[in-house]
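Please look through the sequence and the model below before reading on.

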Amino acid sequence: GDHRLTQTGTRVGTLRYMSPEQALGRPGAVDQRTDIYALGATLYELLTLRPILEGSNPQELLQRISLAEPVPPRRSPLASTLCAITDRLSVPNRPA
């Protein structure tokens, strides 16, 4: 077969943004929620400046995606600062 084409049984997508259902190889469980997870993983990375989960190799990353819980982004110094700024800017009737 053509080595440039996705082979049968191969996971499709970027591992860093793959939902646990994809990482576990459950094709019947992959739906629009998978896209929402990927968006959340992208936003997490934008806020924290690091991936939602990391692994030293693809197999470790797949295992972490399947089993691990990400660190809540509010624990990130940058995310905390952004949340504080957003909170401050969104207060109605703030003093001039």
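A residue counts as buried when its relative accessible area is under 20%, as exposed when it is over 50%, and as partly exposed in between, with a 1.4 Å probe and protein chains only. By this rule arginine 16 is partly exposed, because its relative accessible area is 34%. The model is predicted, so local features need a pLDDT of at least 70 and side-chain atom pairs count only at pLDDT 80 or more, whereas totals for chains, interfaces and linings use all residues. Residues are numbered from 1 along each chain as its sequence is written, and side-chain values use heavy atoms, with hydrogens and water left out.

The protein has four helices and zero strands, where helices (H or I, at least four residues) and strands (E, at least two) are DSSP runs numbered from the N terminus. Of its 96 residues, 20% count as buried. The accessible surface comes to about 7300 Å², and 57% of this belongs to carbon and sulfur atoms; such areas come from the Shrake-Rupley method with a 1.4 Å probe, and for residues only the protein chains shown count as cover.

The largest nonpolar core is made up of nine residues, namely Met18, Ala23, Ala41, Tyr44, Ile52, Leu53, Leu61, Leu62 and Ile65. A nonpolar core is a set of buried Ala, Val, Leu, Ile, Met, Phe, Trp, Tyr and Cys residues joined through side-chain atoms within 4.5 Å. H2 and H3 are the elements that give two or more residues to this core, and H3 gives the most, with three residues. In soluble globular proteins, nonpolar side chains tend to be buried together.

Leucine 61, one of the core residues, is in contact (heavy atoms within 4.5 Å) with Leu15, Arg16, Leu53, Glu54 and Gly55, when its neighbours within four places in sequence are left aside. Tyr44, also listed in the core, is touched by valine 71, which touches Arg50 as well, not counting residues up to four places away in sequence. Valine 71 lies in the loop between helix H3 (58–67) and helix H4 (77–89), and it counts as partly exposed because its relative accessibility is 35%. The C-alpha atoms of valine 71 and tyrosine 44 are separated by 9.8 Å, although the two residues are 27 residues apart along the chain.

The structure also holds two salt bridges, a salt bridge being a side-chain nitrogen of Lys or Arg within 4 Å of a carboxyl oxygen of Asp or Glu.

| Salt bridge | Distance, N to O |
|---|---|
| Glutamate 45 and arginine 16 | 2.4 Å |
| Arginine 33 and aspartate 31 | 2.7 Å |

Glutamate 45 counts as buried, because its relative accessibility is 19%. In the other pair, arginine 33 is exposed, with a relative accessible area of 57%, while aspartate 31 is partly exposed at 27%.

Glutamine 22, finally, lies in helix H1 (residues 20–23) and is buried, with a relative accessible area of 19%.
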